[in-house]
Amino acid sequence: MKISFKQLLLLFSLLFLTSCFDILDKVNVKADGSGEYSLILNASKSKTRLASISKMETINGKKVPKRAEIESKINEAARIFKSVPGISNVKTVMDFDNYILKLSCNFKKIENVNAGLEQLKAKNILGKMIPTQIYSHNSAKKTFIRNKINTFKSDYNQLSSADKEVFNNAKYTSVLQFENTVKSQSNNAYQLSPNKKAMKLEGNILDFILQKKQIQNTVLFQ
Amino acid sequence: MKSILLKTKTIAFLLFGFALAFAQNSMQVPSDAVFYMEINGKQLNKKINWEKFNPFLKQIDKKEKGKPSWNDYSKTGIKYDATQRHYARISDSVKSYTAHFVLDNKDKFQEFINSSKKKGLEVSKKNNYSYVDLDEDLFVAWNDQHAMITLIDYNKRSKDIWDEELVTDSVAVMADSVYVGVDSAAAVYEEEVKPFDYKEEIKYLKEEIKYLKSDIKSYNADIAKYQKDIKYLEKHHKYPEEKKEKEAVIDSAYSEESVEAMPPPASQDDYVETEAYPVDSEYQKEMDSLKAEKFKIVKRIAENNFDKYFNSNFEIESSAEMLSFRDGNSDVFVYADYGKIINEGVYKNIYRLNNFTEILGKMYNSNTAYNLYFDKDKVRLVNNYQHKDPEIQENISAVYKGKKNKKLTALINDKSIGYYAMNVNGFKYFDMMYSLLQDSGDKEYQKEMQLVMETMKIVLDEEAIAKIAPGNGIFILNELKSKKVDYTDYDYDDDYNEKEIKKTKDIMVPDFTFAFATENEGYWKRIFDVLTTNKDLAKKFTKNGDFYSFKDGKSNGYVDQLFFTVKDGIVYLTTSTDNLNAKNHSSASEKWMKDSSKYPLSGRLDVQKILVGLEKEFKSTSERKTLDLLRKNVGELYFKTEAKGNSIQTEMNYNTNTNSENSLMYFFDLFDEIFKNMEADKKPQTL
C-alpha cells in the first residue's frame, strides 16, 4: 500500500512538488453509453517554483524527474490506453511552459476507461491502490455510478511534513456530463447544472484523501 | 639533632606516602572522548525561569507519557547551579554518553529516579553508590552528593563486511581494545585475536540463520495476510467496510457501563480475524537470550564506569587540549574532536572502503571548541577550530589573512537585507591544500604522491590563478521585489464545460549582487566575450555597452535577467545594473560595510526585512499567524570569522530584541508560543 502510493507520487512528482496544483477529470456520456473522458493536471499557478525545481536534481530527498522522463511516462500511458478495446482517439497535451498535462480519449462504454486504468496499474504506471473500477453505467436501469475510493489516510500520515505540505492547497474537480437528464443523485456534494445534464464536485484533494468529502455517487436518469 | 631531623623526615615521608596511597584519584575525562561539554550551572541557573519552564516540561512529559510523571522539575535533587560535565566516547563496539551531576537533595533525586524507572525495578546497592537501569541502555548511579548517568550502545563487532583484511589485522584489533583497556568489564566480552575456532564459527552461522529467519518470518506474515484476504474475498466478494476510528469497542464480557475503549485500528487490515500469526517460539527465545546477553555486557560496562567514578574524589579533570579554548564566562562549553568522530564514527567504514581515511583523517585532525553565551539580548556562539598539526594550522591561518577591498563593501546599501563577505588570501590557499595533501594517502604510494604534488606545483601557476580571483568577494541580498506572473486556471460554464482563463499573481523575486575582486580583468572580459559571440551561447548572452546580460527567454523563473561586467578590478554579477551605482549610506549600513571589510569571512541577515519581503507568500490564516509570530520574535543574524590565537575563530550572534528576560528564555518563549499555536491548530482539525 505504501509502495503504491509512493509510485503515484513519483509519477506526477514534478507536479506534486508544489502546494498549488489542480486535478480535473471529466466524463461526458451520451445516451448510448459512449462518450469522452479527460484528465487535466494543472500546476500553472506554481510554474515559477516548478521552473526552479525542474533545474534541481532532488527535492525533499526525492529525484526531480526530467521533462523527457515525464513525456515518456505520459506517452506510455497514452499507448497503453490506445490498446484497450473500446478506447479511441487518445490525445495527450503537455505544456511545460505552464505545467499543464492533459489526457483525453473516447470510449464506447464507460467501463472501457476502467479497463484502461486497470492496464495502467498492471504496467506499474498507476499505483496498486489507485482505484480502477471507478465508473459503471447501466442503460437499462438508467443509472450511472461513480464508485467509492479507498482511503489514503494511513499513507498520507506516513508522509513527511514537507511532503504533506504539497497537498495543502491542491484542488480536485470532477465533472460528469450526460446527454440524458438527471432525475436524482445520492451525493448532494455534486452540484447539478441548471439543465440537469451535468454535475460538478469540487474540493481540496486532502478532503478526498482523508475522506472528509465523499466521491461516490449514484445518478438516476429520467 | 641529626637523628631527630632524620626521624622527622622519615615520618614526613611516611605521612606523605600514606596520604598519596590513600588519596582518591580524581576522575579523568577519558582521553578517547570525542565530545566534552561543561554546563556552567552557576550562570545558567540564574537565567532559567522555572515558573515558565516547569509547566512546559510537564506538558512535554504529558504528551509523551499520557500524564506528567513529575510535578516540579526545578526540584529534582540535582544542584542546578553546579557545573555539569558530559562526554561521549566512540569505539568499535561501544558508543557511550555520560553526564555527571552534583546533588543537593539525595532523597528528592531518588524520588525523581523512581518516577522515571520501570515500576517494581529494584535499585542495586553497591559499596558507595546505588544504581538502576532506566532503560536497556540507560543507567543512573548516585550517592549522597553526586550522580552519574550513562547511555551505552554496545554492538558486538561481527565479521567486518567492509574490510576483509581486518580479521587478520592485529593492529586494528589492538586499537579497538583501547576502549576495553579503560573499561575492563567490557574487555571480557571483546574479541581477541584467536586461532580459528569451529565452535565460534558455528555460533556465528547460527546468528546468521537467526537473521535470515527474521526475514522469512516477515514474508510469512505477508503471505498469511494475503491468504486471508483471498478467503475473505471469496466469501464476501469485497473488502470489508472500513472501521470508524475512535469508536469505542464494547467487549460483551463487560457490562454496558464498563465500556472499554480499544485503540483505533492502525489500518484497514484490521478486519483480519483476530487469530494471531504463528509465533516462532524458538526464534523468540533466541532473540530474548541475545538481548539478555547484550544487557549483561552493557550493565557491566556501566558498573565499571560507576565504580571508577564513585571511587574517585569526584573531581573531573579534562585534558589541557580539551580546555584550551574554554571561556569560564560562557554558559555552555563544548569540545569536539571531529577527526575521531569522522574516523571512528559512522563514516569510518565508508572512508576505509574508499581509501579516504588518510586524507580525511588528516583534514579533520583538529580540535573544535564552542563557547555559548545566553546574553540579555543576544545569543552568542564562539567557535574555535584548530588543526592539530601546527604547520597545517599556520597555513590555514594564512588563508584567513586577506586584504580589504572597499569597492566591494560599498555595494552594501540601506535596503540590503543581508550579505556574505570574504576577504581571504587566495594565493595561500594553495599552500594550505599542499600541506593537507602532504604525507596523506596510502603510505605505500608516498613517493608517487610527492611526485604528483611537485607536478601540480609546476603545472599550476598559483600566482596567475590567484590573480584571477585573489580572495575578496561579496554576495549582497539587496531586497525582495514583487513580480507579476500569469498562470492558467479553469472556469466553468453553466453546463460545466471547462474554459481556460488567464490570471495573474504576485511572487517575490530576489534582487542581489555578487562581486569579487580580480587582478586580471582581461581574463574575465575574454570569457564574457566568448559567451556573447559563441554560436550556441549567444542566444542567451548579449552585450549592451559595458554590461553583458543573460536571459533565458521565458520569464517563468525567479530571476529573469542577470547582468555582469568587469570594472576597476571587480567582476560584478547582478539582477539589476542599478545595484552598482553609488548609494547613500546610513550609520547602520556603514557599520555593515565596516564589518564586511574587517574580517576574512563575515555575514549578516536581517530576518525582519526578509519577512517584510516575503509577506505576500504567507496567505492562509495559519501562515499569517506564523508570520505574525515570527515578526514579533525574529532578530538579526551576524557572524564573523578570523584567525585568532592559532585558531580560526567564528563568532555567531543572534540578536533577540524581545521582552523575554534573556536570550535563553527567548527561545523558550518562542517554542512555547509555536507549541501552543500548533496545539490550537490541531483542535478544529480533529478528524
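# A walk through two chains

Visitor: Let's start in S12(A): which residue there is the bridge partner of A:Leu176?

Guide: Keep in mind that this is a predicted model. Strand S9 (residues 171–178) of chain A pairs with strand S12 (residues 198–204) of chain A in the antiparallel sense, over seven bridges. A:Leu176 is on S9(A), and its bridge partner in S12(A) is A:Met199.

Visitor: And which residue of S12(A) is the bridge partner of A:Gln191?

Guide: Here S12(A) meets S11(A), and the two run antiparallel, joined by two bridges. The partner of A:Gln191 in S12(A) is A:Lys200.

Visitor: Which residue takes a positive phi in the hairpin of S11(A) and S12(A)?

Guide: That hairpin has five residues between its strands. One residue in the hairpin has a positive phi, near 55 degrees, and that is A:Lys196.

Visitor: What is the order of the strands in the open sheet of chain A?

Guide: The sheet has seven strands, and their pairing is mixed. S5(A) (87–95) and S11(A) (191–192) stand at the edges with a single partner strand each, so one side of each has no neighbour in the sheet. Reading across, the order is S5-S6-S2-S1-S9-S12-S11.

Visitor: A helix lies across S5 and S6 of chain A; at about what angle does it run to S5(A)?

Guide: The helix is H4 of chain A, residues 67–82, and it lies across S5(A) and strand S6 (100–107). Its angle to S5(A) is about 170 degrees.

Visitor: Stepping back, what share of chain A is buried?

Guide: Chain A has eight helices and 13 strands. Of its contacts between residues at least 6 apart in sequence, 66% join residues at least 24 apart. Among its 222 residues, the buried share is 33%.

Visitor: And what share of chain B is buried?

Guide: Chain B has 22 helices and 22 strands. Of its contacts with a separation of 6 or more, 70% come from residues 24 or more positions apart. Of the 687 residues in chain B, the buried ones make up 23%.

Visitor: How many residues of chain A are in contact with chain B?

Guide: Chain B brings 18 residues to this meeting. Strand S14 (472–492) and strand S15 (498–517) of chain B are the elements that each give two or more residues to its side, and S14(B) has the largest share, with five. Chain B's side divides into eight nonpolar, four polar and six charged residues. Across from them, the number of chain A residues in contact is 22.

Visitor: Which residue of S22(B) is the bridge partner of B:Leu381?

Guide: Strand S11 (residues 366–374) and strand S12 (residues 378–387) of chain B pair antiparallel over nine bridges, and a hairpin of three residues joins them. S12(B) also runs antiparallel to strand S22 (residues 647–655) of chain B, with eight bridges between the two. In S22(B), the partner of B:Leu381 is B:Met652.

Visitor: Which residues of H4(B) are buried?

Guide: Seen down the axis of H4(B), the buried residues fall within an arc of 100 degrees, so they line one face of the helix. Their cover includes strands S6 (130–135), S7 (138–142) and S8 (146–154) of chain B. In this helix, residues 106–116, the buried ones are B:Phe109, B:Phe112 and B:Ile113.

Visitor: What about H16(B): how many of its 14 residues are buried?

Guide: H16(B) covers residues 446–459 and reaches 20 Å from its first C-alpha to its last, close to the 20 Å expected. The helix is hardly covered, and the count of buried residues is zero.

Visitor: Last stop, B:His100: buried or exposed?

Guide: This histidine sits in strand S4 (residues 94–102) of chain B. Leaving out residues up to four places away in sequence, B:His100 touches B:Gln84, B:Arg85, B:Met148 and B:Ile316. The C-alpha atom of B:Thr150, 50 residues apart along the chain, is 8.8 Å from that of B:His100. With 20 C-beta neighbours inside 10 Å, B:His100 counts as buried.

Conventions: Residues numbered from 1 in each chain as written. Chains lettered and ligands numbered in written order. Predicted model: local features only at pLDDT ≥ 70, side-chain atom pairs only at ≥ 80, totals over all residues. Contact = placed C-beta atoms within 7 Å. Helix = DSSP H or I, 4+ residues; strand = E, 2+ residues; numbered from the N terminus. Nonpolar A, V, L, I, M, F, W, Y, C, P; charged D, E, K, R; others polar. Buried ≥ 20, exposed ≤ 12 C-beta atoms within 10 Å, placed from the backbone. Pairing = 2+ DSSP bridges. Axes fitted to C-alpha atoms, helices over the stretch in contact; angles between N-to-C directions. Arc of directions from axis to C-beta. Expected span 1.5 Å × (residues − 1).
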